[in-house]
Amino acid sequence: MKTLGKICAVIYSIMFYFIITIAFVSIFALKFVNNNFYIKAFKNIDFNKIIVNEYNETLEDAIISDLEENGIDKEDAKKILNSSEFKEFMGNIVGNYVNYILTDNKTDIVSKSDIRKIINKIEDITGNKIEVDEDEIVNAINEIKESSEVSKEVVMTISYFKGNTIYIWLTIIIIISYLLVSLFTNSFYKPLNYLSIPIMLSGITFVITRFASVVLFNIMNISPNISNSMIEIISYILNPLLYIGIILIIASVLMIIIYNLIKNKKGNFTV
């Protein structure tokens, strides 16, 4: 009976690896329906390092060129591009768009107040009064969402887990898993040993995934400049996986240490 319990504990530990990995992948994926993720992305990614075409034109150059075509000189255009208001504006547009197509939050991608805020910033930098049809700009941007749809099931699932729901379920899963392994091993502290391994392996998986992406783009047959630009973007997007991986590895090490401390106090026994 004792041997059967150990076998069950080992089998469940293997299952727990997939459970914990899927759970944290879900937590990582939910960052993409959070506006703050995109705002931070725009604030942290250097537009001057992102190549947008085969002529080595950077994203910064492309945006500045568009602003110059609208009568804004290059120096002012750079100030606008690097302003926190502009980056927040762009982050909110991307975030609202992703939220619109992936969740049940069916608000507009941009509002008149958003447009007015960025126009005020441009006016502050250039010193010129800008006359634009705010309604026309809002309608043009919001039209993008009309052609973007995903299945109702996907929307319902993401909307359900958005917020703290995923963390509540993760806590429940961890508690149930601990109790199950405790039942299999007839011990309240042995699950620390059995579950630490899948948690560590899951953490290592996330760390490897983060760095493997860089290696993958380095060996792909792409223009070097564009490849380097993609690496910077992909690295930023996948950095949360690295943090998750490190946290899981540290947690597993602490579990092993606690397990061994308790084991030494209990004396020698067969695990």
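Student: Which residues in H4 meet H6?

Tutor: Bear in mind that this is a predicted model. On the H4 side look for Asp76, Lys79 and Ile80, which meet Ile122, Ile125 and Thr126 in H6. By class, the residues of this contact divide into 3 nonpolar, 1 polar and 2 charged.

Student: How do I describe the way H4 and H6 are set against each other?

Tutor: Start with the angle between the helix axes. Angles over 145 degrees count as roughly antiparallel, and 65 to 115 as roughly perpendicular. Here the axes of H4 (residues 74-82) and H6 (residues 112-126) cross at roughly 140 degrees and come within 10 Å. H4 and H6 are therefore oblique to each other. Their crossing is right-handed.

Student: What is the arrangement of H5 and H6?

Tutor: The axes of H5 and H6 cross at roughly 155 degrees, coming within 9 Å. The two helices are therefore roughly antiparallel to each other. The crossing of H5 and H6 is left-handed. From H5, the contact uses Glu85, Phe86, Glu88 and Phe89, while H6 brings Asp114, Ile115, Lys117, Ile118 and Lys121. That contact of H5 with H6 has 4 nonpolar, no polar and 5 charged residues.

Student: At what angle do H6 and H7 pack?

Tutor: At about 115 degrees, and their axes are 9 Å apart. The crossing of H6 and H7 is right-handed. You can find the contact at Lys112, Ile115, Arg116 and Ile119 of H6, together with Glu134, Asp135, Ile137, Val138 and Ile141 of H7. Sorted by class, the residues of this contact of H6 with H7 are 5 nonpolar, no polar and 4 charged.

Student: Now for the pockets. What volume does the largest pocket have?

Tutor: The general idea first: rolling a probe the size of a water molecule over the atoms shows where empty space is left. In this model, the largest pocket has a volume of about 770 Å³. It is lined by 27 residues, and Leu67, Phe89, Ile118, Ile122 and Ile137 are the closest to its centre.

Student: How many residues of the lining are nonpolar?

Tutor: The lining of the largest pocket has 20 nonpolar residues, along with 4 polar and 3 charged ones.

Methods: Residues are numbered from 1 along each chain as its sequence is written. This is a predicted model: local features need pLDDT of at least 70, side-chain atom pairs count only at pLDDT 80 or more; totals for chains, interfaces and linings use all residues. Side-chain values use heavy atoms; hydrogens and water are left out. Axes are lines fitted to C-alpha atoms, for helices over the stretch in contact, and angles run from 0 to 180 degrees between N-to-C directions. Helices (H or I, at least four residues) and strands (E, at least two) are DSSP runs, numbered from the N terminus. Angles under 35 degrees count as roughly parallel, over 145 as roughly antiparallel, 65 to 115 as roughly perpendicular and the rest as oblique. A crossing is left-handed if the near helix is turned anticlockwise from the far one by less than a right angle, and right-handed if clockwise. Contact means heavy atoms within 4.5 Å. Ala, Val, Leu, Ile, Met, Phe, Trp, Tyr, Cys and Pro count as nonpolar, Asp, Glu, Lys and Arg as charged, and the others, Gly among them, as polar. On a 1 Å grid over the protein atoms alone, a cavity is a set of points where a 1.4 Å probe fits but cannot get out, and a pocket is an open set with protein on both sides within 12 Å along at least five of seven lines; lining residues have an atom within 4 Å of a point. Grid points are joined across faces, edges and corners, and a volume is the space filled by probe spheres set on the points.
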